[in-house]
Amino acid sequence: MLAVGRMKPGPEAALYAHYAARLRPPPEVTEIPEARGSATEIRRREGAALLAAMPADALGVALDLGGEQPDSARFAALMARWDDAGRAPCFLIGGAEGLDPAVLGRAEHRIALGPMTWPHFLVRGMLAEQLYRAQAIRQNHPYHRAWRP
């Protein structure tokens, strides 16, 4: 997971830690410093830093409002497909100004956590929960209750 911003102690960090601790293996997070300047300049600088930190062979998955909105079962299927292909996903989480077009262009997939805009620090916890849920689905663990609408 590559994410813009340094997470400070608080409810967002606690939410992320709660679900990340359940994942095997636990996710690695590389934090990219928040940039300064105009919105365009911020996106450009943060985007360049995200791309520089991204492993060359990584499967880029941008968390983007315009991305696909898979349900949890579909997300679990995507994770299984990526695992079967031997490609570990590198989730890209932008800052308050979003992701630069260069990052979106490098990403092989775009995923949205619904149609609403979420604070970038909260997205980490929400993604960690969905990663845990996907892991539970793939292991037939009862955490995910597929019968619920």
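Which strand holds histidine 109? Histidine 109 is found in strand β5, residues 109-111. Strands here are DSSP runs of E with at least two residues, helices are runs of H or I with at least four, and both are numbered from the N terminus.

A word on the model first. This is a predicted model, where local features need pLDDT of at least 70, side-chain atom pairs count only at pLDDT 80 or more, and totals for chains, interfaces and linings use all residues. Residues are numbered from 1 along each chain as its sequence is written, and side-chain values use heavy atoms, with hydrogens and water left out.

Back to histidine 109. Its side chain makes a polar contact with the side chain of tryptophan 82, at 3.3 Å. A polar contact is a pair of N or O atoms within 3.5 Å; within protein, one must be able to donate a hydrogen and the other to accept it, and residues adjacent in sequence count only if both atoms are side-chain atoms. Setting aside neighbours within four places in sequence, histidine 109 is in contact with Leu59, Gly60, Val61, Ala62, Arg81 and Trp82. Contact means heavy atoms within 4.5 Å.

Now the aromatic rings. How many aromatic pairs are there? The count comes to two. The rule takes rings of Phe, Tyr and Trp (its six-membered ring) with centres within 6.5 Å; planes under 30 degrees apart are stacked, over 60 edge-to-face, and the rest tilted.

Tyrosine 19 and tyrosine 132 form a tilted pair, 6.4 Å centre to centre, with 40 degrees between the planes. Tyrosine 19 lies in helix α1 (residues 11-20) and tyrosine 132 in helix α5 (residues 120-138), so this pair ties together parts that are 113 residues apart in sequence. Tyrosine 19 counts as buried at 14% relative accessibility. Tyrosine 132 counts as buried too, at 12%. Buried means under 20% relative accessible area, exposed over 50%, partly exposed in between, with a 1.4 Å probe and protein chains only.

Next, phenylalanine 75 and phenylalanine 91. Their ring centres are 6.3 Å apart and their planes stand at 50 degrees, so the pair is tilted. Phenylalanine 75 sits in helix α3 (residues 72-84) and phenylalanine 91 in strand β4 (residues 89-93), 16 residues apart. Both are buried.

Arginine 22 lies over its face, 5.2 Å from the ring centre. The criterion is NZ of Lys or CZ of Arg within 6 Å of the ring centre and within 35 degrees of the ring normal. Also in helix α5 is glutamate 129. Glutamate 129 is buried, at 12% relative accessibility. Not counting residues up to four places away in sequence, glutamate 129 touches Tyr19 and Tyr143.

How do α3 and α5 meet? Their axes come within 9 Å and cross at roughly 75 degrees. Axes are lines fitted to C-alpha atoms, for helices over the stretch in contact, and angles run from 0 to 180 degrees between N-to-C directions. The two helices are therefore roughly perpendicular. That label covers 65 to 115 degrees; under 35 is roughly parallel, over 145 roughly antiparallel, and the rest oblique. Among the contacting residues are Phe75 and Met79 of α3, and Leu127 and Leu131 of α5.

Last, two loop residues. Aspartate 71 lies between β3 (59-68) and α3. Its side chain reaches the backbone nitrogen of alanine 73 at 3.3 Å. Alanine 35 is in the loop between β2 (30-32) and α2 (39-53). Alanine 35 counts as buried at 16% relative accessibility.
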